[in-house]
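Visitor: Please put the structure up. I have some questions about it.

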Number of protein chains: 2
Amino acid sequence: EWSIEKGVENCLSRVFVFKNFAQALQFTNQVGAVAESEGHHPLLITEWGRVTVKWWTHKIGGLHKTDFIMAARTDKLV
Amino acid sequence: EWSIEKGVENCLSRVFVFKNFAQALQFTNQVGAVAESEGHHPLLITEWGRVTVKWWTHKIGGLHKTDFIMAARTDKLV
């Protein structure tokens, strides 16, 4: 369910749905922990009941194999 | 430094800058804790080195006094 979002820098984007704000924020922290452990960081939009995760590699201005790996790791957190 | 962002639902928006991803995520959690305590939730965009906070009241489709109060409380967290 990841989609490639075209932009100045293309990214992989996916929305994850939760029951409330607290669960969404918890997921944001889980993704953040994986990001810190890998030294590769996403953009995370946390709202009531959902988190949007976007992975891309700023250094190359778009998508790298790492981003697809991080997307797969993100899915495993759900 | 809050600005009113015009859209389908107007909101108060501000960007907070940090040294790295961990500090940005920490701030997201601090704002999230205040949000939970008040039962009023923002949209939080967490990135490496910055967090964008947006407050608005979905029920009225725009800005309420509460949003300005929450913006002021957000500033106090920095």
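Visitor: How many salt bridges are counted between chain B and chain A?
Guide: This is a predicted model, in which local features need pLDDT of at least 70 and side-chain atom pairs count only at pLDDT 80 or more, while totals for chains, interfaces and linings use all residues. Residues are numbered from 1 along each chain as its sequence is written, chains are lettered from A and ligands numbered from 1 in the order in which they are written, and side-chain values use heavy atoms, with hydrogens and water left out. A salt bridge requires a side-chain nitrogen of Lys or Arg within 4 Å of a carboxyl oxygen of Asp or Glu. By that rule, the count between chain B and chain A is zero.

Visitor: How many residue pairs are in polar contact across the interface?
Guide: A polar contact is a pair of N or O atoms within 3.5 Å; within protein, one must be able to donate a hydrogen and the other to accept it, and residues adjacent in sequence count only if both atoms are side-chain atoms. With both residues at pLDDT 80 or more, the number of such pairs between chain B and chain A is three.

Visitor: Which element gives the most to the side of chain B that touches chain A?
Guide: Helices (H or I, at least four residues) and strands (E, at least two) are DSSP runs, numbered from the N terminus. The top contributor, with eight residues, is H1(B).

Visitor: What area is buried between chain B and chain A?
Guide: Contact (heavy atoms within 4.5 Å) takes in 16 residues from chain B and 16 residues from chain A. Buried area is the accessible area (1.4 Å probe) that two parts lose on being put together, summed over both. Carbon and sulfur atoms give 68% of the total, which is about 1,300 Å².

Visitor: Which residues of chain B lose the most area to chain A?
Guide: Three residues together account for 32% of what the chain B side buries. They are B:Phe21, B:Leu25 and B:His41.

Visitor: Which C-alpha of chain B is nearest the axis relating the copies?
Guide: Superposed by least squares on C-alpha atoms of residues with pLDDT of at least 70 in both, chain B is laid on chain A with an RMSD of 0.0 Å by a turn of 180 degrees and a shift of 0.0 Å along the axis. The copies are therefore related as by a two-fold rotation axis. At 2.2 Å from the axis, the nearest C-alpha in chain B is that of B:Ile45.

Visitor: Which strands are at the edges of the sheet?
Guide: Strands pair if DSSP finds at least two bridges between them. Eight strands form an open antiparallel sheet, ordered S1(A)-S2(A)-S4(A)-S3(A)-S3(B)-S4(B)-S2(B)-S1(B). Pairing on one side only marks the edges, which are S1 (3-5) of chain A and S1 (3-5) of chain B.
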